[in-house]
Amino acid sequence: MCGIVGIVSASGEPVNQELYDALTILQHRGQDAAGIVTYEQGRFYQRKDNGLVKDVFRTRHMRDLHGSIGIGHVRYPTAGSASSSEAQPFYVNSPYGIVMGHNGNLTNAEQLSKEIYQQDQRHLNTDSDSEVLLNVFAHELMQKQKLFVDQDDIFSAIGRVHQRVRGGYAAIGLVSGVGLFAFRDPFALRPVIVGKRETAKGTDYMVASESVALDGLGFERFRDLAPGEAVVVKQNGEIFFKQCHDNPRYSPCIFEFVYFARPDSMIDDISVYKARLRMGEKMAEKIQREWADHDIDVVIPIPDTSRTSALQLASMLNKPYREGFIKNRYIGRTFIMPGQQQRKKSVRQKLNAIDLEFEGKNVLLVDDSIVRGTTSGEIVQMARDAGANKVYFASAAPPVRYPYVYGIDMPAASELVANNRSVEEIAAYIGADKLIYQDLDDLIDAVGAGTEHISSFDTSCFSGEYVTGDITQEYLEAIASLRNDQSKANHKNSAPEVVGLHNNAD
């Protein structure tokens, strides 16, 4: 999962600081690498590297990011390398000069890589599927054989990208001499929202992964990109939208609402906060229906994502809601971290229990989801060590039984705790006295309540049904070989560092 942003300033004011601020707001979507590219008078200015936004960009870097138009990216790595050469945005000089950043995962990246080399005769410098997407777009744009291109040429190229590319993707980029463009995959798996801000000198436009980035910079929500749709914002502030796919269908990733998105975001006109409130309601209803004689004394969330659901669950059960864990905010998300030992160590560094909230009580812990079970097991043990009498565990999401292939680096199926285990076996594995999972139908109802434009969600990590229709067992086995912990450790120890393009180096 990654975060993308782009800004066009109609007033001609520099956008470097606002891109930095937007990436800081979107930091929850990726803490592995960050990058910004700006454009002025026919030249791109770039800074990107591994690390948090605050560490990648220093004053000397910001001063060299000239221009009133630019894009930014924060990354956490999916399958493959995490070297600094794969920090985004990527750049190609042919045709015209193009930069692009991408959120998602291309499921036919291997095939496209071969086509790019053998048919398009273009060179790839990394293993990143984002570089693949950029080169596919660049090749299709080059087919116009024109010295100068406009928005219609860009829309036409994006239409042909949709024909060649499979998977989940939200892309943002710049074409020298034209302006900013962005597009979304035909299923709208990855989010893209457009905002605008009226100024005395015209209308500024912003494109981002989540609406919170717009809010933080004083932009108002204009509209989400529809599945398969693209937008072009010229340097003079003109904006154009076009549907670039023949058969688009809304099926956004439901895990955005469960875990990744900030609760104060709006995605496809759905409030993430309200969706999570409804998740808590659905869990409370399930407990009342199937465990009416429960002996829960207190409801405690596992910070931060589950707080909203836990609060509503406690209210409906008429039980106290308490903050029993204090979080160290400087530790990364643990299910993303490679290696079981590192994850176990990180949990203890990340959370500390308040003994007074646990001692002698029957505690219901609430989390957004359970992936490997490592974190959950450590937290259950922490609750027992803090003096809890009984420890129950509730997940706001159903069992994660299948790998996710559209841009979230969930582990191989064999490393998912729910894979081939019953609920009772999972409860025993994490050491809980009882485990309650959200039902999938209830999760869909919770997220989709009141929406008419979305008829379905991608629930593949829960159901094993992949909306793009191209996911085979062979593909799942291939990504499993890249995503299992041992493979990641081997890759980290053996992969050479590739020196990438840095126009704005240290």
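This is a predicted model: local features need pLDDT of at least 70, side-chain atom pairs count only at pLDDT 80 or more; totals for chains, interfaces and linings use all residues.
Residues are numbered from 1 along each chain as its sequence is written. Local features need pLDDT of at least 70 and side-chain atom pairs pLDDT 80 or more, while totals for chains, interfaces and linings use all residues, and side-chain values use heavy atoms, without hydrogens or water.

**Exercise 1.** Classify the ring pair Phe255 and Tyr259.

Solution. Start with the rule: rings of Phe, Tyr and Trp (its six-membered ring) pair if their centres lie within 6.5 Å, with planes under 30 degrees apart stacked, over 60 edge-to-face and the rest tilted. The structure holds 17 such aromatic pairs. For Phe255 and Tyr259, the centres are 5.9 Å apart and the planes stand at 50°, so the pair is tilted. Next, place the residues: both lie in helix H8 (residues 255–260), four residues apart, about one turn of the helix. Helices here are DSSP runs (H or I, at least four residues), strands likewise (E, at least two), numbered from the N terminus.

**Exercise 2.** Decide whether Phe255 and Tyr259 are buried or exposed.

Solution. Buried means under 20% relative accessible area, exposed over 50%, partly exposed in between (1.4 Å probe, protein chains only). Phe255 has 1% and Tyr259 has 8%, and buried is the answer for both.

**Exercise 3.** Classify the pair Tyr406 and Tyr466.

Solution. Their centres lie 6.3 Å apart with planes at 70°, so the pair is edge-to-face. Tyr406 sits in the loop between strand E20 (390–395) and helix H13 (423–430), and Tyr466 in the loop between helix H15 (460–463) and helix H16 (473–483), so the pair ties together parts 60 residues apart in sequence.
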